[in-house]
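These entries record what I looked up in this structure.

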Amino acid sequence: MKPDRPGMSAQETSVLLSLVSTVIIYAIFFTCTASGAVQGADQVGLIVGLVIAQVVALVSIQIALAIWRGTQKADERDALIEVRSFRNAYVVLTSSVSMVTIGYLLWGGIAREPEALAAGV
């Protein structure tokens, strides 16, 4: 059954469900690591498992949306959402790369020896 009332576009619904899925998946990761339930090398296995779970969840969400809503043509709101999302993604990406580069230059690399960190070298 397709909704007859105007509301969120297909793109908005997809983005919202993807955001909810991402928040849930990473909340699990941060809860497990912050509580100390998962430590050390086990964190890598946890994040790999959660990324796989996220991919499965997002694919399932997109399939369910395609079945529920059917095919829809993009409207003006979808075009506006796409333009804004590309702009915001670009800002986040360039800010992140800049911050990592600045951090690398200021602190001399990511993997420093613990003794060097303690000595302030």
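Predicted model: local features only at pLDDT ≥ 70, side-chain atom pairs only at ≥ 80, totals over all residues.

Entry 1. I found that the side chain of S18 reaches the backbone oxygen of S14 at a distance of 2.9 Å. I then located S18 in the fold and placed it in helix α1.

Entry 2. Which residues does S18 touch, if those up to four places away in sequence are not counted? I noted Q54, L58 and Q62.

Entry 3. I next looked up how helix α1, residues 10–34, packs with helix α2, residues 42–69. The angle came out at about 160°, and the axes of the two helices lie 10 Å apart. Angles over 145 degrees count as roughly antiparallel, so I recorded α1 and α2 as roughly antiparallel to each other.

Entry 4. The protein chain has an average pLDDT of 80, and 80% of the residues score at least 70. Which element of the protein chain has the highest mean pLDDT, and which the lowest? I found the highest, 88, for α2, and the lowest, 60, for helix α4, residues 114–119.

Terms used
Residues numbered from 1 in each chain as written. Heavy atoms only, no water. Axes fitted to C-alpha atoms, helices over the stretch in contact; angles between N-to-C directions. Helix = DSSP H or I, 4+ residues; strand = E, 2+ residues; numbered from the N terminus. Parallel < 35°, antiparallel > 145°, perpendicular 65-115°, else oblique. Polar contact = N/O pair within 3.5 Å; in protein donor to acceptor, adjacent residues only side chain to side chain. Contact = heavy atoms within 4.5 Å. pLDDT = per-residue confidence, 0-100.
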